[in-house]
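Q: Got a model here I'd like to talk through. Can you take me through the strands and then the pocket?

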Amino acid sequence: MPGITYVQGDATAPQGKGVKLIVHVCNDLGGWGKGFVLAVSRRWPGPEAAYRSWHRERAGNDFGLGAAQFVQVEPNVWVANVVGQRGIRTGSKGVPVRYEAIDEGLRKVAVRAVELGASVHMPRIGCGLAGGTWSKVEPLVTERLVNRGVDVTVYDYG
């Protein structure tokens, strides 16, 4: 029975066998420079380059809240750039995280994970710099991924 497994470790070094899909949340401004994305970029240049190009050419593509971009970084490892936060700062409109955008992005991740026969690996998406709470994100992960038969591993770094 699929479920969410919690482990200590680095989500850029996913555990287990088979195809792995690493999911993280990006902002809608084209900014890539703080948080988990730095660990992704240290390991593979492709996801950052793809995200920056996706944002730069957004007039002609689906870039925006709820969108997901899939970048193959190794033969059995993919990274999903999910646009799940508006802006980068907490302000009068609250924290940057947008749960409905994460939900939509995870729906797209589920489709790709099933196509690839992949397990999904992630930090506690939307809960770092984006300002979200795991108690709101975890049910989205369960609904969109676990309930579709996708195994999920959540990594707590440190």
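Q: How do β3 and β4 pair, parallel or antiparallel?
A: β3 and β4 (residues 77–85) pair in the antiparallel sense, over six bridges. Pairing takes at least two DSSP bridges between two strands, and strands are DSSP runs of E, at least two residues, numbered from the N terminus, with helices being H or I runs of at least four. This is a predicted model, so to speak: local features need pLDDT of at least 70, side-chain atom pairs 80 or more, while totals for chains, interfaces and linings use all residues. Residues count from 1 along each chain as its sequence is written, and side-chain values use heavy atoms, without hydrogens or water.

Q: Which residue in β4 is the bridge partner of Gln-69?
A: Asn-81.

Q: What's the strand order in the open sheet?
A: β1-β6-β5-β2-β4-β3, six strands with mixed pairing. β1 (4–8) and β3 (68–74) are the edge strands, each pairing on one side only.

Q: Which helix packs on the sheet?
A: α2 (residues 46–56), touching β2 (20–27), β3 and β4; contact means heavy atoms within 4.5 Å. The direction of α2 makes about 150° with that of β3, using lines fitted to C-alpha atoms (for helices, over the stretch in contact) and N-to-C angles from 0 to 180 degrees.

Q: Switching topic, which residues are closest to the centre of the largest pocket?
A: Lys-34, Gly-35, Phe-36, Val-37 and Leu-129, out of 29 lining residues. A pocket is an open set of 1 Å grid points over the protein atoms alone where a 1.4 Å probe fits, with protein on both sides within 12 Å along at least five of seven lines, and lining residues have an atom within 4 Å of a point.

Q: Which elements supply at least two residues each of that lining?
A: β2 and α1 (36–43) do.
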